Amino acid sequence: RDHFQDHHHHHGGPVQRVDPDLQKFTTPTSRLWRQAAKAKSNFARLVLVVALASVSILCVQSLDKLVALLGGLLGIPLAFVYPVAIHLKLVHDAPDALKNTDRLCIVVGTALGLACTAVTIATW
C-alpha cells in the first residue's frame with residue numbers, strides 16, 4: 001500500500017519532467033519561440049505581398065476594377081463599419097440612441113460595401 005501511495009504522490013511525475021532542451025523551443029517567453037513567431041508572421045506577409053503582386057500583374061488591364069473591388073470589400077468597412085463596431089463594443093454605458101446610431105452606421109456601411117462590390121462585379 002505504501003508503494004502505491006509513493007507511486008502516485010511523488011513530485012517528479014511525468015507531467016513535471018520536461019526536457020530542458022525541449023523547453024527552449026516550446027516556452028512562449030523563449031527567444032527561439034519569439035523568433036519562430038516572427039518568421040511565421042514575416043512569411044505570411046511575404047505570401048500576401050506575392051499574391052497581391054501576382055493579381056495586379058495578371059489584372060493590369062483591369063486594375064481600376066480591382067482597386068474598386070478592394071475599396072468596396074475592404075475600404076468601406078475600414079472607414080465606416082469597424083470604427084463604429086469598436087465604439088459600440090468599448091462604450092458599454094452609451095445612451096441607447098447612440099448605440100442605435102452605431103448599429104445603423106454598421107448596417108449602412110455594410111450595405112454600401114456590398115453594393116459597391118456588386119456594382120464592380122456586375123460592370124467588370
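User: What is the relative accessible area of cysteine 105?
Analyst: This is a predicted model, in which local features need pLDDT of at least 70 and side-chain atom pairs count only at pLDDT 80 or more, while totals for chains, interfaces and linings use all residues. Residues are numbered from 1 along each chain as its sequence is written, and side-chain values use heavy atoms, with hydrogens and water left out. On the scale used, buried means under 20% relative accessible area, exposed over 50% and partly exposed in between (1.4 Å probe, protein chains only). Cysteine 105 is partly exposed, because its relative accessible area is 33%.

User: What is the relative accessible area of cysteine 116, and how many disulfides are found in the whole structure?
Analyst: Cysteine 116 counts as partly exposed, at a relative accessible area of 32%. A disulfide would be a pair of cysteine sulfur atoms within 2.5 Å. For the whole structure, the number of disulfides found is 0.

User: In what order do the elements of the protein chain run from the N terminus?
Analyst: Helices (H or I, at least four residues) and strands (E, at least two) are DSSP runs, numbered from the N terminus. The protein chain has 5 helices and 0 strands. From the N terminus, the order is α-α-α-α-α.

User: How far apart are the end C-alpha atoms of helix H5?
Analyst: Helix H5 covers residues 96-122, which is 27 residues. The expected span is 1.5 Å times one less than the number of residues, so H5 should span 39 Å. This agrees with the distance between its end C-alpha atoms, 38 Å.

User: Which helix is included in what covers the buried residues of H5?
Analyst: The buried residues of H5 are Lys99, Asp102, Gly109, Gly113, Thr117 and Thr120. Included in their cover is a helix made of residues 63-90, namely H4.

User: How are H4 and H5 oriented to each other?
Analyst: Their axes (lines fitted to C-alpha atoms, for helices over the stretch in contact) come within 9 Å and cross at roughly 170 degrees, on a scale from 0 to 180 degrees between N-to-C directions. Angles under 35 degrees count as roughly parallel, over 145 as roughly antiparallel, 65 to 115 as roughly perpendicular and the rest as oblique. H4 and H5 are therefore roughly antiparallel.

User: Which residues does threonine 117 touch, leaving out those up to four places away in sequence?
Analyst: Threonine 117 is in helix H5 and counts as buried because its relative accessibility is 10%. With contact taken as heavy atoms within 4.5 Å, threonine 117 touches Leu69, Gly72 and Leu73.

User: How far apart in space are glycine 72 and glycine 113, C-alpha to C-alpha?
Analyst: Glycine 72 lies in helix H4 and is buried, because its relative accessibility is 4%. Outside the four places on either side in sequence, glycine 72 touches Pro77, Gly113, Cys116 and Thr117. Glycine 72 and glycine 113 are 41 residues apart in sequence, and their C-alpha distance is 4.6 Å.
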